[in-house]
Amino acid sequence: MDKKKVILPEDLHFMQLALRLARRGYPAPNPHVGAVVVKSSRIIAQGYHAYAGGPHAEVAALRKAGDDARGATLYVTLEPCCHFGRTPPCTEAIIQHGIKRVVVSSLDPNPMVSGQGIKCLKSAGIEVEVGIGDEEALKINEIFYHFHRLGRPFVTLKAAMTLDGKIASYTGDSQWITSPSARRIGHQLRAEHGAVLIGRGTALKDDPELTARVPRVKNQPIRIVLDEELDINPDAKLLNTILSPTLIATCSNDPERVQKLTAKGAEVIHLPQDAAGQISLPSLLMVLGKRGITGVLVEGGGETLGSFVEQKLFDKVAFFYAPKLLGGRNAKTAIEGQGFQSVAEAIELREVKIKKIGGDWLVTGYPVTDLSNEPD
């Protein structure tokens with residue numbers, strides 16, 4: 001009978017530090033990774049993956065450690081990569097710096113890496129431990145793991161509303177329902193997912209930039225607009241593709257409208273219609289997955305969120321509530337569309353958490369049933 005593995009308090013302590021470091025970056029579509037170099041129970045250096053295209057956490061820490069890394073232990077929250085991507089393999093840097101022992105939280109789900117990084121290190125005579133802090137590591141990288149499990153983006157529905165569920169008054173006024181603190185978290189979610197999606201109505205009414213205006217964001221999220229008829233204004237702010245790419249998903253083949261948008265730098269993606277005559281969301285998610293987009297934050301409006309809910313194409317909700325009441329039968333609500341026929345059909349949420357953000361509340365949760373169990 002196998003004995004339960006004993007976790008050394010020192011290993012747990014330094015891995016918890018690495019996990020905290022991992023949360024600092026905005027590396028989408030790459031995973032969050034933190035690393036700590038330790039020698040004789042003393043921290044030599046630390047690092048994290050700050051942005052896609054930048055140094056990986058292990059390399060960032062090893063560069064700081066320099067020659068002091070020889071004979072040290074490296075704590076890293078995700079299996080080191082062993083292939084050339086935007087940057088060279090981290091396993092090479094680990095071996096070259098003379099690291100004696102590597103402690104890893106979780107294996108990389110990417111089939112190009114999974115298990116191979118560990119094998120490479122062991123072949124070089126490096127002692128490797130796996131599994132310390134793996135539950136937290138998996139949660140930190142829920143978007144990345146979901147993408148590599150199913151091949152399509154992790155979809156989060158985000159809305160900011162009053163306590164009675166209104167996202168705008170009956171006149172259409174919506175700025176601002178929640179506090180600056182809540183809006184800042186919303187911008188972090190954009191950077192976290194790496195892509196943000198809205199419908200045509202929100203694009204026309206609000207003319208948003210859809211950028212992530214928070215510190216340490218190197219790569220702005222990809223902007224995605226659902227626009228069946230290509231009605232978006234060619235001068236819309238989100239068509240400023242110097243900031244980041246903009247994808248317009250449509251069913252229209254109007255060459256003149258397509259040309260006006262592509263002339264601004266946007267990419268128009270033609271998709272089939274669903275039974276209701278709307279853009280096929282499953283087809284959209286398939287296309288985004290093939291492009292390597294790991295996460296999508298769906299921001300609105302109510303009809304767009306309603307479509308994702310009715311088709312059960314979401315993996316998480318992040319709803320901000322302000323302690324305000326707007327009322328009004330014509331005021332817009334967070335989730336519109338046709339809805340379900342009965343309460344019994346309602347989608348329940350699990351792991352629901354409520355967090356105070358300034359004067360507002362953030363409620364997060366996941367569908368009770370995994371809505372995306374198998375790929376289409």
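**Salt bridges and cysteines in a predicted model**

Guide: Arg 200, Asp 231, Asp 254 and Arg 257 are linked in a network of salt bridges. A salt bridge here is a side-chain nitrogen of Lys or Arg within 4 Å of a carboxyl oxygen of Asp or Glu. This is a predicted model, in which local features need pLDDT of at least 70 and side-chain atom pairs count only at pLDDT 80 or more, while totals for chains, interfaces and linings use all residues. Residues are numbered from 1 along each chain as its sequence is written, and side-chain values use heavy atoms, with hydrogens and water left out.

Visitor: How many salt bridges does the structure hold?

Guide: The structure holds 16 salt bridges. In one of them, Arg 200 and Asp 231 meet through their side chains at 2.8 Å, N to O. Arg 200 lies in helix H8 (residues 200-206) and Asp 231 in the loop between strands S8 (222-226) and S9 (246-250), so the pair ties together parts 31 residues apart in sequence. Helices (H or I, at least four residues) and strands (E, at least two) are DSSP runs, numbered from the N terminus.

Visitor: How many disulfides does a search of the whole structure find?

Guide: A disulfide is a covalent bond between the sulfur atoms of two cysteines. The criterion is a pair of cysteine sulfur atoms within 2.5 Å. The search finds zero disulfides. For Cys 81, the closest cysteine sulfur, in Cys 90, is 3.6 Å away, too far for a bond.

Visitor: Is Cys 81 buried or exposed?

Guide: Buried means under 20% relative accessible area, exposed over 50%, and partly exposed in between (1.4 Å probe, protein chains only). Cys 81 is buried, because its relative accessible area is 8%.
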